[in-house]
Amino acid sequence: IKNKKISKPNQSGFTVNTVKIQKEGWTVTDKIPEIKLFNIPDKHEILDCVEIIRGTNIPIKRSSAGKEFNFIKISDFNNDSLDLEKTKKIFLDKNEISKIKRFLIKKGDILFSCRGTIGKKLLVKNELKNCIASSNLMILRSQSSLIHPEYLQHILDKELVKDQISALSGGIAIPMISLTKFSKIIIPVPS
């Protein structure tokens, strides 16, 4: 770290040689929280390797007409399992079903809470029938030729990604991260 003079009095600045920090294992993030080190190689390309789908709002119908669907909310899962017994059941007719196909949860998807409790996630390991994600969730659908769902789930727990999510989150009364902001997150993908 080199000191650098700034023209305004009572201020100082510095530049950080990240190569030296990474090579020698120094950490400055504990002392200076504004500094975030992202270990991105000199030669890299940004790939869109994850499709992000924001869940939907569907009015809960009380009749039993139409096809039954499970309406998945944040409280319906933990990091290991989804409890379909406690999900809200909704009934949709053919016209409504055609509108919600995009929000159907598939095997390999990661459910990610994006409102209220940010960062709660679940990797869907089995085929689910008729499950729809609520608007407080994002469906992260990896393009498996570029990134495996298990790796995506793993990397979402790492500081590199958590710091980005934290920096991009906002909300006055209820914490949230928008789909637009979430799509700016950079994750390292192995060769």
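The exercises below treat strands, sheets, contacts and ring geometry in a predicted model.

Residues are numbered from 1 along each chain as its sequence is written. In this predicted model local features need pLDDT of at least 70, side-chain atom pairs count only at pLDDT 80 or more, totals for chains, interfaces and linings use all residues, and side-chain values use heavy atoms, with hydrogens and water left out.

**Exercise 1. State how many helices and strands the protein chain has, and in which pattern they follow.**

Step 1. Helices (H or I, at least four residues) and strands (E, at least two) are DSSP runs, numbered from the N terminus.
Step 2. By this count the protein chain has five helices and nine strands.
Step 3. Along the sequence the pattern reads β-β-α-β-β-β-α-β-β-β-β-α-α-α.

**Exercise 2. Describe the burial, surface and contacts of the protein chain.**

Step 1. Buried means under 20% relative accessible area, exposed over 50%, and partly exposed in between (1.4 Å probe, protein chains only). Of the 191 residues in the protein chain, 31% are buried.
Step 2. Accessible areas come from the Shrake-Rupley method with a 1.4 Å probe, and for residues only the protein chains shown count as cover. The protein chain exposes about 12800 Å², with carbon and sulfur atoms supplying 50% of this area.
Step 3. Contact means heavy atoms within 4.5 Å. Among contacts between residues at least 6 apart in sequence, 67% join residues at least 24 apart.

**Exercise 3. Work out the strand order and pairing of the three-stranded open sheet.**

Step 1. Two strands pair if DSSP finds at least two bridges between them.
Step 2. The order is E5-E4-E8, and the pairing is mixed.
Step 3. Strand E5 (88-92) and strand E8 (131-133) stand at the edges with a single partner strand each, so one side of each has no neighbour in the sheet.
Step 4. From one strand to the next the twist averages 40 degrees; axes are lines fitted to C-alpha atoms, for helices over the stretch in contact, and angles run from 0 to 180 degrees between N-to-C directions.
Step 5. E4 and E5 run antiparallel and are joined by five bridges. Glu-68 has Phe-91 in E5 as its bridge partner.
Step 6. Strand E4 (residues 67-72) pairs with E8 in the parallel sense over three bridges. Phe-71 has Ile-132 in E8 as its bridge partner, and Asn-70 stands opposite Cys-131 in E8.

**Exercise 4. Do likewise for the four-stranded open sheet.**

Step 1. The order is E3-E9-E6-E7, with antiparallel pairing.
Step 2. The edges are strand E3 (50-54) and strand E7 (121-123), each with a single partner strand, so one side of each is left without a neighbour in the sheet.
Step 3. Direction ignored, neighbouring strands of this sheet are turned by 20 degrees against each other on average.
Step 4. Three bridges pair E6 and E7 in the antiparallel sense; in E7, Leu-122 is the bridge partner of Leu-111.

**Exercise 5. Classify the aromatic pair and locate its members.**

Step 1. Rings of Phe, Tyr and Trp (its six-membered ring) pair if their centres lie within 6.5 Å; planes under 30 degrees apart count as stacked, over 60 as edge-to-face and the rest as tilted.
Step 2. The structure holds one aromatic pair. The ring centres of Phe-112 and Phe-182 are 5.0 Å apart and the planes stand at 50 degrees, so the pair is tilted.
Step 3. Phe-112 lies in strand E6 (residues 110-113) and Phe-182 in helix H5 (residues 179-182), so the pair ties together parts that are 70 residues apart in sequence.
Step 4. Both Phe-112 and Phe-182 are buried.
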